[in-house]
Amino acid sequence: MATDTRLRALPSPPDYVEHGGRRVTWEPWRLYHVMCLPARVCDGCGSSAEAYCAPGLVHPLPGDTVTVTRPRPSARVPGRSWEQEVEVPMWPAYGLIAFACPDCDHVDVYDTDGGFARVDTAQPTLF
Ligand SMILES: [Zn+2]
């Protein structure tokens, strides 16, 4: 109950709506334990309390593509198929994650596609 109240009191996910030229939409804050993350300490107040997090969905630019493998029926052997690599339009993907300190509301954003590098939300990257 206390957690629900606290989550509602938090400011909305970060006002960081573009990443590398791509539009970002944020999901609401949630208390979600991410097992694989190293323990982190808040830059704002030094708290190591478990942070609230919000995933950020990064939308592709027109013309962005990704390589996938698709089964393709064999032309010579009926009933057989082989894997073929094809370029398809990229889809929106969760490429960012924001953490909010439960003690001081300090927000950090990380690039989960870029080796979990800290994102400087004050200066959007231009690559
Ligand atoms: Zn803090």
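**A predicted antiparallel sheet and its salt bridges**

Asp105 has a relative accessible area of 27% and is therefore partly exposed, where buried means under 20% relative accessible area, exposed means over 50%, and partly exposed covers the range in between (1.4 Å probe, protein chains only). This residue is placed in the loop between S6 and S7; helices (H or I, at least four residues) and strands (E, at least two) are DSSP runs, numbered from the N terminus. The phi of Asp105 is near 70°, a positive value in a residue other than glycine.

The model is predicted, so that local features need pLDDT of at least 70 and side-chain atom pairs count only at pLDDT 80 or more, while totals for chains, interfaces and linings use all residues. Residues are numbered from 1 along each chain as its sequence is written, and side-chain values use heavy atoms, with hydrogens and water left out.

Six strands form an open sheet, in the order S1-S2-S3-S6-S7-S8, with antiparallel pairing. Strand S1 (18–19) and strand S8 (117–119) stand at the edges with a single partner strand each, so one side of each is left without a neighbour in the sheet. Two strands count as paired if DSSP finds at least two bridges between them. In general, strands of a sheet pair through backbone hydrogen bonds, either parallel or antiparallel.

The sheet can be followed from S1. Two bridges join S1 to strand S2 (residues 22–26), and the two run antiparallel. Within this pairing His19 stands opposite Arg22 in S2. The hairpin of S1 and S2 has two residues between the strands, and Gly20 in this hairpin takes a positive phi near 60°. S2 also pairs in the antiparallel sense with strand S3 (residues 52–58), over three bridges, and here Val24 stands opposite Val58 in S3.

Further along the sheet, strand S6 (residues 93–100) and strand S7 (residues 107–111) form an antiparallel pair over five bridges. Val109 in S7 is the bridge partner of Ala98. In the loop between S7 and S8 lies Phe116, which is not a glycine but has a positive phi of about 60°. Phe116 counts as partly exposed, at 31% relative accessibility.

Arg22 is partly exposed at 24% relative accessible area, whereas Asp64 is buried at 16%.

Arg30 forms a salt bridge with Glu27, with the closest N and O atoms 2.3 Å apart. Arg30 is partly exposed, with a relative accessible area of 32%, and Glu27 is partly exposed with 23%.

A salt bridge also connects Arg118 with Asp108, the closest N and O atoms being 3.7 Å apart. This pair links distant parts of the chain, with Arg118 in strand S8 and Asp108 in strand S7, 10 residues apart. Arg118 counts as partly exposed at 45% relative accessibility, while Asp108 counts as buried at 5%. Together with Asp43, Asp108 and Arg118 are linked in a network of salt bridges.

Conventions: A salt bridge is a side-chain nitrogen of Lys or Arg within 4 Å of a carboxyl oxygen of Asp or Glu.
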